[in-house]
Amino acid sequence: MMQKNIITPIKLTFSGHETFHCRHLWLKKGYDFIKKGRKFTDNDAVVELGVGKNMVSSISFWMKAFGIIDKDGLLTDFADYILEDNGKDPYIEDEATLWLLHYQLITQNIASTYSLIFNEFRREKIEFTRDNFIAFVVRKAEELNMSQINKNTVSTDFEVLTKMYLRTDAQSKDREDTFSGLLTELNIIQEEKRKVDDKTVTFYSITTEEKSEIPDEVLLYAILDNDNFDKSISLYTIEQEPDQAGSIFAIGRTGLINKIESISSNKKFKKYGITFNDHAGIKELQFKTKPDKFEILREYYAN
């Protein structure tokens, strides 16, 4: 996994998905395909995967964006852990797996829209429109001295994001709809349509809440997936830093403290000597032994 705490990627990327959001079974389908030693560039990939040519490219993109394959096209440890036939959740039926995939999508930074919105933009504007986001991206590109951003491409990318996280009215009635975005069950993004100057405008929001539905093990996995600390990490870092749990899951301080206190008092984590301490006003999560992140997930999936 790449190191965290990078505020903004050097390069912003807003395409590669061929305008398709990731469907529920695509990651497993792509995983099994690669596991057989196949490549998305194979001439018969369309037949093998049972989708159109553009969708093959889209599956390949999402496999990278979710950290299922690395930059060399090889399956990752995370992919094997979750998606192997005897893995923890190969058909992505557990909501905890969706939270993990949401975390992966943002921290891989292959699809910049997701990283920018959760790490930065939502803190700047609690409520926003598509145009607000496009203006934000243009400004970020100028700060990074990038060549001019194609606003239409960013607009399309934003639309794909909304399909990934939001259900249409029709999809809400049909919970088994196969065209729904992979992460709609998380309900982390809300939308509301309003009249503005006689036009209907869609406003989006990502509210900072306690997120009690996120398992302790998922939160702890996200904290441990960080090479920048040894046996202690501050509450401020977890709450405020990019690619950390507070930013990615949009959890407020109260929710984080409740989660961390739950983790530190949980008997099944006792062997790691996890404590939550306050030294001179600096709250820190400390480990006597820093656990392996996958060992923590095993505590969850064992149940």
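Modeller: Happy to; we can go through the sheets, some helix pairs and the aromatic rings.

Biologist: What should I know before I start reading residue numbers?

Modeller: This is a predicted model, in which local features need pLDDT of at least 70, side-chain atom pairs count only at pLDDT 80 or more, and totals for chains, interfaces and linings use all residues. Residues are numbered from 1 along each chain as its sequence is written, and side-chain values use heavy atoms, with hydrogens and water left out.

Biologist: Sheets, then. What is the strand order in the one with β4?

Modeller: The order is β4-β6-β5, in an open sheet of 3 strands with antiparallel pairing. Two strands pair if DSSP finds at least two bridges between them.

Biologist: Which strands are at the edges?

Modeller: Those are β4 (232-234) and β5 (274-279), each pairing on one side only. On average, neighbouring strands of this sheet are turned by 25° against each other, direction ignored.

Biologist: How many bridges join β4 to β6?

Modeller: There are 3, and β6 covers residues 282-287. Contact here means heavy atoms within 4.5 Å.

Biologist: What about β5 and β6?

Modeller: They run antiparallel and are joined by 6 bridges. D278 has K283 in β6 as its bridge partner. The hairpin of these two strands has 2 residues between them, and A280 takes a positive phi near 55° there.

Biologist: Where does β3 sit in its sheet?

Modeller: The order there is β1-β3-β2, again an open sheet of 3 strands with antiparallel pairing. Its edge strands are β1 (127-128) and β2. Strands β2 (residues 190-196) and β3 (residues 199-205) pair over 7 bridges. K195 stands opposite T200 in β3, while R194 has V201 as its bridge partner.

Biologist: And which residue takes a positive phi in the hairpin of β2 and β3?

Modeller: D197 does, with a phi near 50°, in a hairpin that has 2 residues between the strands.

Biologist: Okay, changing topic to helices. How do α5 and α14 pack?

Modeller: Helix α5 (residues 95-108) and helix α14 (residues 293-301) have their axes 11 Å apart, at an angle of about 155°. Axes are lines fitted to C-alpha atoms, for helices over the stretch in contact, and angles run from 0 to 180 degrees between N-to-C directions. The two helices are therefore roughly antiparallel; the cut-offs are under 35 degrees for roughly parallel, over 145 for roughly antiparallel, 65 to 115 for roughly perpendicular, and oblique for the rest.

Biologist: Which residues make the contact of α5 and α14?

Modeller: A96, T97 and L100 come from α5, and L297, Y300 and Y301 from α14. They divide into 5 nonpolar, 1 polar and no charged. Ala, Val, Leu, Ile, Met, Phe, Trp, Tyr, Cys and Pro count as nonpolar, Asp, Glu, Lys and Arg as charged, and the others, Gly among them, as polar.

Biologist: And α6 with α7, at what angle do they pack?

Modeller: About 100°, with the axes of α6 (residues 112-124) and α7 (residues 130-143) 11 Å apart. That makes them roughly perpendicular. Their contact residues divide into 6 nonpolar, 2 polar and 4 charged.

Biologist: How about α6 and α8?

Modeller: The axes of α6 and α8 (residues 151-165) come within 10 Å and cross at roughly 75°. T113, Y114, I117 and F118 in α6 meet D157, F158, V160, L161, M164 and Y165 in α8.

Biologist: Last one: how many aromatic pairs are there?

Modeller: The structure holds 23. Rings of Phe, Tyr and Trp (its six-membered ring) pair if their centres lie within 6.5 Å; planes under 30 degrees apart count as stacked, over 60 as edge-to-face and the rest as tilted. Y81 and F294 have ring centres 5.0 Å apart and planes at 40°, so this pair is tilted. Y81 lies in helix α4 (residues 77-83) and F294 in α14, 213 residues apart, so the pair links distant parts of the chain.

Methods: Helix = DSSP H or I, 4+ residues; strand = E, 2+ residues; numbered from the N terminus.
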